[in-house]
Amino acid sequence: MEENKRTCLYDKHVALGALISPFGGFDMPIQYSTIIDEHQAVRTDCGVFDVSHMGEVTVKGKDAEAYVNHIFTNDVRGLDNGKILYGMMCYENGGTVDDLLVYKMADNDYFIVINAANIDKDWAWMQEHAKGYDIDIQNRSDFYGQLAVQGPNSEKVVEEVLGLQCGELLFYTVKTIGDVIVSRTGYTGEDGFEIYGSHDYIRECWDKLMASGRCKPCGLGCRDTLRFEVGLPLYGDELSAEISPVMAGLSMFCKLDKPEFIGREALVDQKQNGVERRLVGIELEGKAIPRHGYAVVKDGEVIGEVTTGYHTISSDKSVCMALVKVPHNKLGTPLEVQIRKKTFPGVVVKKKFYEKHYKKN
């Protein structure tokens, strides 16, 4: 059996006594203290995540823009240098290969961030569809380490502790400082930055952050609770080969007016003719906790299943996201979630259970 990979910070997590568990083919820190403490640190102060397990692909050359637009649901035409777009790669049938970030570093120079569990699959897909394009495409996942510094005090911490001047960056913009890439992005719903650099550089940054006492180490446990509260999808839960962006409520990131991209025809058909299932939010009565895979029931019939569920830390409610049959996706629809051998009443609500706090102006 193949062993899990380890990031460049693995030994530092062990030294801090982190709970380590497999995720996306890597041994990753799940928590250091408690998920609640780490979650609240990001919401109210500053937390740092090792996200070096994420993958990075660079695309450069004469046809780089055309190629990226071919594999990407969003539209990079006319995108200014230093800007970032979120979107998906799709199969021809509209199912999702992965969701990703595309950074436009310069003209015909793109930096693409992909999910850790999908690196090999994505890289094979990208190579397969690069044929005929005059580009230099490279998988740089083994070179880059990555930190996510997140929370309302993240700008001060990044500037004052790491010496990276980033105050001019707005949400979804990026700059390079020497060999380091710094973007104002994240997966928590709070203001924050993602920093990409060599393994040695990322280790130095981690040490500085820990020595400063101004940034709490955070694991993937609270990364999931944070992203869930603000309605951000996780590949494998809210998106998959069987769950299209339209089904997941992410059509805004699919520019169907583009002349072409892989999966466009299927997504156009889904938008025009509808889909059988839609992703919704559900709020339950009481404190029973819905979990991934639990059945969603309407009048005794199973009409869907939970994709992610928690008793939220920020709002103290039992909520979940679930994929349910249409027309049971309408706001206000009463439903039940089966938790073990009992069903608990709930109602369809918006998928965002907490307000995001980004620096957009």
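**Briefing on the charges, fold and nonpolar core**

The mean positions of the protein's 42 positive and 53 negative charges lie 5 Å apart. The structure is a predicted model, and its secondary structure amounts to 8 helices and 19 strands. With a radius of gyration of 20 Å, close to the 21 Å that the globule rule gives for 361 residues, the protein is as compact as a globular protein of that length.

Overall dimensions and surface

- Taken along the principal axes, the box filled by the C-alpha atoms of the protein is roughly 60 × 50 × 50 Å.
- The accessible surface of the protein is about 15600 Å², and 49% of that surface belongs to carbon and sulfur atoms.

Burial and contacts

- Buried residues make up 56% of the 361 residues of the protein.
- When contacts between residues at least 6 apart in sequence are considered, 67% of them join residues that are at least 24 apart.

The largest nonpolar core

- The largest nonpolar core holds 39 residues, and among these Phe49 and Tyr103 touch the most other members.
- Two or more residues of this core are given by each of β5 (84-90), β6 (96-106), β7 (109-114), β9 (144-150), α7 (220-229) and β17 (318-325).
- The largest share, 4 residues, is supplied by β5.

Surroundings of Tyr103

- Once its neighbours within four places in sequence are left aside, Tyr103 is in contact with residues including Tyr110, Phe111, Val113, Val174 and Tyr196.
- The contacts of Tyr103 also include Lys83, Asp109 and Glu194, together with Ser183 and Thr185.

Technical notes: Residues are numbered from 1 along each chain as its sequence is written. This is a predicted model: local features need pLDDT of at least 70, side-chain atom pairs count only at pLDDT 80 or more; totals for chains, interfaces and linings use all residues. Side-chain values use heavy atoms; hydrogens and water are left out. The radius of gyration is taken over C-alpha atoms; the globule rule is 2.2 Å times the number of residues to the power 0.38. Buried means under 20% relative accessible area, exposed over 50%, partly exposed in between (1.4 Å probe, protein chains only). Contact means heavy atoms within 4.5 Å. Accessible areas come from the Shrake-Rupley method with a 1.4 Å probe; for residues, only the protein chains shown count as cover. Lys and Arg count as positive and Asp and Glu as negative; His and the chain ends are not counted. The place of a charge is taken as NZ of Lys, CZ of Arg, CG of Asp or CD of Glu. A nonpolar core is a set of buried Ala, Val, Leu, Ile, Met, Phe, Trp, Tyr and Cys residues joined through side-chain atoms within 4.5 Å.
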